[in-house]
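Please read the points below with the sequence and the model open.

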Amino acid sequence: TEIYTLSLHDALPIYSLGLLIRMKLDAFLRDAAKGKFAPVYLLTGSEVFFRDKFREAVVKFFLKESGELVDHDLGEIPVRDALDDAATLGLFSPLRAVWLRNADAILPRREGSASGRHSPEAVAAYIARPNPQCVVVFESRLDDKDKATRLEKMLSTPDVKCAVVELERPAPGESAKYLIEDARRAGVAFDQRAALELVESTGGDLGRARMELQKLMTYAAGRAAIGVEEVRALVPAEPVFIIWELGDSIGRRDPAGALERLEALFREGHSAIPTLGLIASHVRRMVRAKAGSQQWMPPEVKKQAEKIPMKDLLKALERLHQADMELRSSPPDDRLVLERLVLDLARQ
């Protein structure tokens with residue numbers, strides 16, 4: 001993607017958006033620190049921590065000390081009114097950022113149908129001639145790629161397109177790096193294993209994990225390091241996330257990783273039959289996703305289903321039924337039944 005710098009009003013560098021710009025948060029932050037901003041952004045993804053980082057960068061590097069930040073909820077006001085606010089030059093501040101929450105509210109219920117009180121023409125008119133002293137941010141927390149694509153189309157003209165910043169929840173390893181760096185800046189050693197344990201315990205929610213890390217560092221005041229034991233003692237694990245990670249380990253054919261996730265469920269006090277029910281429910285959702293079901297399901301389930309052939313998922317259902325029969329026949333070791341099941345699923 002080519003980026004051009006224009007000299008507008010206060011010599012503020014603004015992107016020329018003849019081509020669609022798509023970037024991750026890190027790329028946006030690098031550009032923001034250099035004072036490079038697009039006139040219109042679309043935020044997609046549900047990671048609240050990344051959204052807050054984006055907002056902080058707009059305030060710090062675009063608005064600086066004299067700018068004005070305005071919030072509107074598109075679930076409550078028409079997009080035309082919100083964009084009229086963006087087009088208006090400020091009386092007391094030369095720069096303005098207009099933050100539009102619930103951007104998906106401007107989508108028609110069905111593609112090609114009317115948009116209700118929201119005007120696509122108003123969106124196209126503003127994007128064609130944006131206020132060079134204003135940054136408009138459409139915030140959508142959609143994880144649905146089809147709806148996100150429709151939003152991108154609505155926020156684009158043949159010559160001008162918005163910049164899309166993807167705020168998708170990072171992989172556990174990437175989240176762990178953020179936590180390790182946060183702890184390092186506070187003068188506390190936080191190793192990779194403990195960081196991954198915290199990510200798992202908070203359901204992969206990086207914002208929540210950072211808050212829990214602050215609590216851990218307060219609890220461990222005076223210590224030079226925080227380990228897995230402290231995380232397990234103070235932060236209860238999120239079983240749904242563990243199940244997703246278990247499914248991902250199975251999809252990667254990673255028996256060791258799958259056994260670690262199973263151990264985490266046992267450690268949180270889940271007994272064998274309820275644990276088997278959680279695994280079976282997850283596999284059934286993957287089967288429905290693989291079959292193209294229109295029923296809503298978590299994006300993680302859809303991604304996992306893409307990696308596993310349908311024949312393997314059907315074999316997994318048969319193996320789950322076998323494990324269920326074994327557990328109900330009072331085996332000498334329930335845990336061993338589930339460990340064999342997880343190993344078989346990960347090896348298929």
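1. The lining comprises 14 residues, with Leu196, Glu197, Glu200, Glu260 and Arg261 nearest the pocket centre. Two or more lining residues come from each of α7 (192–201), α10 (239–251) and α11 (255–267).

2. The volume of this pocket is about 280 Å³. A pocket is an open set of points on a 1 Å grid over the protein atoms alone where a 1.4 Å probe fits, with protein on both sides within 12 Å along at least five of seven lines; lining residues have an atom within 4 Å of a point. The volume is the space filled by probe spheres set on the points, which are joined across faces, edges and corners.

3. This is a predicted model; local features need pLDDT of at least 70, side-chain atom pairs count only at pLDDT 80 or more, and totals for chains, interfaces and linings use all residues. Residues are numbered from 1 along each chain as its sequence is written, and side-chain values use heavy atoms, without hydrogens and water.

4. The protein chain has 15 helices and eight strands (DSSP runs, numbered from the N terminus: H or I of at least four residues, E of at least two). Of its 348 residues, 47% are buried (under 20% relative accessible area, 1.4 Å probe, protein chains only).

5. Glu152 sits in helix α5 (residues 145–154). Glu152 counts as buried because its relative accessibility is 11%. Its side chain makes a polar contact of 2.9 Å with that of Arg22 (N or O atoms within 3.5 Å; within protein, one able to donate a hydrogen and the other to accept it, and residues adjacent in sequence counting only if both atoms are side-chain atoms).

Definitions and conventions:
Buried < 20%, exposed > 50% of the residue type's maximum accessible area, 1.4 Å probe, protein only.
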